[in-house]
Amino acid sequence: MKRTTLDRNIKTLLDELLVLESMVKEATFKAVDALIQRDMDASRFMYIQDRQINKRRFDLELDCLITIATQQPIAGDLRMLASILEIAGELERMGDYAKGIARVNMMLKEKPLPKASKDLPQMASVTIHMLEQSIQAFLNKDAVSAREIPKQDDEVDRLFNQIYFNLVQEMIAEPGTIDASNHLQWAAHNLERMADRVTNICERTIFAAEGKIIELDSSDDQWDQSG
Amino acid sequence: MEPKNRSKIQIKKYSFYYGDFEALRNINIDIPENQVTAIIGPSGCGKSTFLRSINRMNELIPDVHTKGELFMEDMSLFDMDVVNLRKRVGMVFQRPNPFPKTIYDNVAYGPRAHGIRDRGILDEIVEQSLRSAVLWNEVKDHLQKSGLALSGGQQQRLCIARALAVEPEVILMDEPASALDPIATLRIEELIRELAVNYTIVIVTHNMHQAGRVSDHTAFFSMHKDRAGYLVEFGPTRQIFTRPEKQLTEDYVTGRFG
């Protein structure tokens, strides 16, 4: 038995989700690149471009709600649609982080970029790769991959700590860089948070595939004494 | 995502009376071509009366009169020959009502009544209509069996094939799935979506969820204190089911009506 309209709507929503993901990827790449190249025009453009991501997310959200209201999805279909709603929200927030990185460039103005910034493109690259994998796992309802992908967060955290360490060294050696270093720290932090949101996407994939809501451990829970 | 189709049927300031009783009051709707329009509302709000107005079936009832106008593509329905009108506007009822004839003769009935005698042409019409009603594969080897021997869901698809055989432009459906089990219901709903590519469909349903699933546009009818039916809201189904404009519609679609 087919549910042509429901199946088609879900497929369209997944296509829209994929478009949203590529917009976020592009925004992240370009925001980091503009920062490294000190390209103010590009940063200004990416800053404004975030509105497009937000609009896409709201359109997707409305289409998702319309499908739920008119097609009465149940069980796996319902979990899929609920997950699409959640993931669209995660992607939109990731877009905000990219926008934040664009803002860092604009705030730095004429100040030279701290040397520690050399690791930012690598950090962005790992994060974006994780995002790609997580969305692919969601499209395939691949809970096995969804459990594996968050482990790569360790590398993102390692790069974050490295940038942090190098920034502190720079600040100690040259107090005049404190302001710029603080701003750059913010950019690195945004990338670190993006990787955490990939973990949230993976949790939604497991929910869509298996109906279980579980929390996937991210690597920074050395402070979590509860469990 | 919002399809813009021209209107097939225009209803203007239409009121309908059973004797002194006003069953419908001042209805205005443009029914879009090649789309599914669902009519929903509580019992007694005039949904079926409204539907039967579109092929002038109500005229068979004594002591009725109307006000206002109904047009199909700018021609008044009241100026049309009623036989021609009902050829252009077919109807499917709540309970499947195949004739006590063979499957073949059920579908060939309309074309024969319109004068088609050529066996080859009739064969073609029967096959095409049964295919369009997604019944062909199930009955192609039993065309001489009685239509009454089919299951309820198959009988309803046979009735749809019978309606399609005279090549209508509009198909009116009055609760077409309410006598069917859930699987047969979903199958009819799938069929309605497929038919909407080529036909204008108006469906009355007391099943609001069905309206959500099958229709492009939804009209919500209710009753005044004197029980006269009226149109509360008409709009794209996606809007009626997510952000209706009227509180009464919101109350009805969320099950908080009355």
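## Exercises: the A–B interface and a threonine in chain B

In this predicted model, the count between chain A and chain B is one salt bridge. Let's work through what surrounds it.

**Exercise 1.** Which residues form the salt bridge, and how far apart are the closest N and O atoms?

*Solution.* Start with the partners: A:Asp63 pairs with B:Arg238. Next, check the distance: the closest N and O atoms lie 3.2 Å apart. A salt bridge needs the nitrogen within 4 Å of a carboxyl oxygen, so this pair qualifies.

**Exercise 2.** Describe the side of chain A that touches chain B, beginning with the helices that supply it.

*Solution.* First, find the helices: α1 (4-37) and α2 (40-71) of chain A each supply at least two residues. Then look for the largest share: α2(A) gives it, with seven residues. Finally, view both chains together: 13 residues of chain A are in contact with 15 residues of chain B. The area buried between them is about 1,300 Å², and carbon and sulfur atoms give 59% of that area.

**Exercise 3.** Is B:Thr205 buried or exposed? Locate this residue and its neighbours too.

*Solution.* Begin with the place: B:Thr205 sits in the loop between β8 (200-204) and α8 (208-214) of chain B. Then take the relative accessible area, which is 1%. Buried means under 20%, so B:Thr205 is buried. Last, look around: the side chains of B:Thr205 and B:Gln210 are joined by a polar contact of 3.0 Å. Leaving out residues up to four places away in sequence, B:Thr205 touches residues including B:Ile39, B:Lys47 and B:Glu175.

Terms used
Residues are numbered from 1 along each chain as its sequence is written. Chains are lettered from A and ligands numbered from 1 in the order in which they are written. This is a predicted model: local features need pLDDT of at least 70, side-chain atom pairs count only at pLDDT 80 or more; totals for chains, interfaces and linings use all residues. Side-chain values use heavy atoms; hydrogens and water are left out. Contact means heavy atoms within 4.5 Å. Buried area is the accessible area (1.4 Å probe) that two parts lose on being put together, summed over both. A salt bridge is a side-chain nitrogen of Lys or Arg within 4 Å of a carboxyl oxygen of Asp or Glu. Helices (H or I, at least four residues) and strands (E, at least two) are DSSP runs, numbered from the N terminus. Buried means under 20% relative accessible area, exposed over 50%, partly exposed in between (1.4 Å probe, protein chains only). A polar contact is a pair of N or O atoms within 3.5 Å; within protein, one must be able to donate a hydrogen and the other to accept it, and residues adjacent in sequence count only if both atoms are side-chain atoms.
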